[in-house]
Amino acid sequence: MCDAPATSVEHVPPRCLFPEQKDLPQGVDLRKQLITVPSCDLHNGSKSDDDEYLLYALSMNIPNNQIAANHFGTKILRAIKQNPAVIARFTAEQIPVVVEDTDSGQQHETVAIKVDHQRLKRALEVIGRGLYFHHFHARWNGTVAAYPHFVLAMTEPNAEKLNEPNEKMAAIAKAYFNDLPCFCENPEVFCYQVANCAAESAVIILLRFYQGSHATLIFKADGSIVGAGETALLIERGSA
Ligand SMILES: [Zn+2]
């Protein structure tokens, strides 16, 4: 993230995403060999609010697995009881929605929460830079573009049109990364996959949280930021 000397280590992704042993059945360990990278004090300390925001945004996503539901029902509920203002802020803008389980056809009444897209993308970008360092043993000095696939445009008049590039990228990434190795010790919580598109001088990393919340990160060597549509093409053309 910066040139300051490392004085500590930082977990990538944040450790708060990983349930503690006391909230899990006996013998289940979801904090096996967590990834850490060297960090300066400033960057380690300054992002704890973003980490908390990321935790809320990820853990409430419906397609997640049971581990996320359990994490919400234990650790996150305790945090909410301790400091209700945080969750009140997070859920301030919400609209009632009905979601359908495409497997069972069952419908559920719930709410959609308006997220701070920039903040979410910033938190994912920091994870991306950390993973890049961990994976390639080198600092990434270029730009990182983050595309969380679990965020939808809903209230905008052209919402459907706005969602098209992201949905296309999510579908292509899912198919493309399907056969690539997963780097993870605790895949129920988090794992990542890497595509090195040499011809495009780009690296693409797919993040998978709780097996249901995916995000694509694009590292372009020439520093350009590419849109979702172009990124979909990049992935299609990419060679692992
Ligand atoms: Zn720093």
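Five strands make up an open sheet, ordered 5-9-8-7-6, with antiparallel pairing. Strands here are DSSP runs of E, at least two residues long, and helices are runs of H or I with at least four residues; both are numbered from the N terminus. Two strands pair if DSSP finds at least two bridges between them. The edges belong to strand 5 (143-148) and strand 6 (183-186). Each has a single partner strand, so one side of each lacks a neighbour in the sheet. On average, neighbouring strands of this sheet are turned by 15° against each other, direction ignored. Axes are lines fitted to C-alpha atoms, for helices over the stretch in contact; angles run from 0 to 180 degrees between N-to-C directions.

The model is predicted: local features need pLDDT of at least 70, side-chain atom pairs count only at pLDDT 80 or more, and totals for chains, interfaces and linings use all residues. Residues are numbered from 1 along each chain as its sequence is written.

Now take strand 8 (residues 202-209). Seven of its eight residues are buried, so the rest of the structure largely encloses strand 8. Buried means 20 or more other C-beta atoms within 10 Å of the residue's own; exposed means 12 or fewer, partly exposed lies in between, and C-beta atoms are placed from the backbone. Strand 7 (residues 190-197) runs antiparallel to strand 8, joined by eight bridges. Across this pair, Q193 stands opposite L206, and A195 stands opposite I204. Eight bridges also join strand 8 to strand 9 (residues 213-220), again antiparallel. Here R208 stands opposite H214. The hairpin of strand 8 and strand 9 has three residues between the strands, and Y210 takes a positive phi near 50°.

What packs on the sheet? Helix 5 (residues 117-136) does, touching strand 5, strand 7, strand 8 and strand 9. The direction of helix 5 makes about 120° with that of strand 5. Contact means that C-beta atoms, placed from the backbone, lie within 7 Å.

Step back to the whole chain. It has seven helices and nine strands. The domain assignment, automatic or from a database, gives domain 1 (8-113) and domain 2 (142-237). Their C-alpha centres lie 20 Å apart.

Buried residues make up 30% of the 240 residues in the protein chain. Its C-alpha atoms fill a box of roughly 45 × 45 × 35 Å, taken along the principal axes.

Note on methods: Two residues are in contact if their C-beta atoms, placed from the backbone, lie within 7 Å.
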